[in-house]
Amino acid sequence: MSDVTETTGSTASASGDGGDVRLRGIGKTYGDFTAVHPLDLTVPEGSFFALLGASGCGKTTTLRMIAGLEEPSTGSVHLGEQDVTRLPPYKRPVNTVFQSYALFPHLDVFENVAFGLRRRGVRSVKNQVRDMLDLVQLGEHARRKPHQLSGGQQQRVAVARALINHPKVLLLDEPLGALDLKLRRRMQLELKRIQTEVGITFIHVTHDQEEAMTMADTVAVMNAGRVEQLGAPADLYENPATTFVANFLGTSNLIEAEVASTAGGEILVDTRGGRLGVPAGRCSAPSGTGARLLVGVRPEKTVLALADEAGRIPDGRNRVTGVIAEASFLGVSTQYLVDGPAGRGLAVYAQNVDRDPRLVPGAEVVVHWDRAHTFALDAAQDIEAGVERVEPATAGKDGRAERAERAERAERAEREEKAGKDGQTERAEQAGKAEDAWTADGAAKEAAG
Ligand SMILES: Nc1ncnc2c1ncn2[C@@H]1O[C@H](COP(=O)(O)OP(=O)(O)OP(=O)(O)O)[C@@H](O)[C@H]1O
Ligand SMILES: [Mg+2]
């Protein structure tokens, strides 16, 4: 997979701009354990970039190496023309927003935001703070204390506090993780608006694929310390290059297949459920006759027909037969799972327009779809890679498992953040001042002139 990561850099570096964040062969090992494999990545100046991956895949470690909070074992970090690999965090034009915001509880919103300026000895902070509060739409709450704010408002204070230092790059580590689903969705749009308005580079770490796709221009999908694929959200979604990306970014039906023939830009494959067609351009693996592939289609591209009405399905569409094993009504759609010779648990998402009451568990059906919507991957991969443990259809995104997972992540992030802070600001902590703890960064910046 390392060749994938090597090509990723060039893909994203099209702009070649002076303010790009460039990671060259950057990696991190802890003893025998490799948290991040040597990685090449270029984040174009002014872009909204997301690092997306499951818990423990190395997102925070990568972000911390950019911030200077973690020393890379190999490689270098460049910000624009400057090699910052050896620079301490406070000398880098970078600010970080952590998951737990870490606002000063005894200071009001205005003073929380003003803090970085005051530390640098800026006398008249009023206008800058006002502008910043307007940007995050908190002007009316300037005199409130953090505990008098909602989670989303606190999150915006944290963003304002980081932005007022005019960083070239804002690093965000799961900044929305503590919010409930609806608020998270709203804050995603809000963060996107702020980024567009200030125009600086945002590097946003998240495990939530919807969040990454909503906000980012470019998404890097990480798995076990490597970037598996990088690209625009729609491109990643439509053309996943690995089973991990196919399963982690949304849901994919993957069907084991063997190439029967190739002709006229189309690959014909045999599955246990019959013959299917795949556009040759959408196959990312060798496709000589006899080659083994995993043929994929997204659930929302598929349609269900009752088996005894299969005659009405237009010619030329891919089709597999099966029996409905499960039907979950989700309001906007119904999600069906179909078991058949081609595979078990094939997912079909049907928009809730006219529900056919005969499509219930036990019904014999045909799943069919446009051949153009079919992709194919190398079969030498784990077909289950990146599959979420909890089915959204049965547990819901806000289900108990998701909440427990989120709580666990929050706890870990806090521990990690604390660990990072301890090392970084020993001096400040000794003085017992929360302010100093937070801006060891700012204070040292000040000292550095
Ligand atoms: N100081 C450390 N010593 C040893 N291992 C570490 C250390 N810090 C992180 N790791 C390990 O490195 C891997 C990557 O950690 P990292 O924090 O980057 O993951 P992550 O992708 O941010 O996960 P999450 O979504 O849970 O925050 C994990 O397996 C973690 O246990
Ligand atoms: Mg993390």
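Residue A35 is found in strand β2, which spans residues 33-43; helices (H or I, at least four residues) and strands (E, at least two) are DSSP runs numbered from the N terminus. The model is predicted, so that local features need pLDDT of at least 70 and side-chain atom pairs count only at pLDDT 80 or more, whereas totals for chains, interfaces and linings use all residues. Residues are numbered from 1 along each chain as its sequence is written, and chains are lettered from A and ligands numbered from 1 in the order in which they are written.

A35 counts as buried because it has 20 C-beta neighbours inside 10 Å (buried, 20 or more other C-beta atoms within 10 Å, with C-beta atoms placed from the backbone; exposed, 12 or fewer; partly exposed, in between). Leaving aside residues up to four places away in sequence, A35 touches K28, T29, Y30, G58, T61 and G225, contact being defined by C-beta atoms, placed from the backbone, that lie within 7 Å. The C-alpha atom of A35 is separated by 8.9 Å from that of R226, although the two residues are 191 apart along the chain.

A35 is also among the closest of the 15 residues that surround ligand 1, together with Y30, S55, T60 and T61 (a residue is near a molecule if its C-beta atom, placed from the backbone, lies within 6 Å of it). Two or more residues of this shell are given by each of β2, α2 (59-67) and α11 (400-424). By class, the shell around ligand 1 comprises five nonpolar, seven polar and three charged residues, where Ala, Val, Leu, Ile, Met, Phe, Trp, Tyr, Cys and Pro count as nonpolar, Asp, Glu, Lys and Arg as charged, and the others, Gly among them, as polar.

Two helix pairs were also examined. The axes of α3 (residues 109-119) and α4 (residues 126-135) come within 10 Å and cross at roughly 125 degrees, the axes being lines fitted to C-alpha atoms over the stretch in contact and the angles running from 0 to 180 degrees between N-to-C directions. The two helices are therefore oblique to each other (under 35 degrees, roughly parallel; over 145, roughly antiparallel; 65 to 115, roughly perpendicular; the rest, oblique). In this contact F110, V113, A114 and L117 of α3 meet Q128, V129, M132 and L133 of α4, a set that divides into seven nonpolar, one polar and no charged residues.

The axes of α5 (residues 151-163) and α6 (residues 181-198) come within 11 Å and cross at roughly 20 degrees, which makes α5 roughly parallel to α6.

How values were computed
Two residues are in contact if their C-beta atoms, placed from the backbone, lie within 7 Å.
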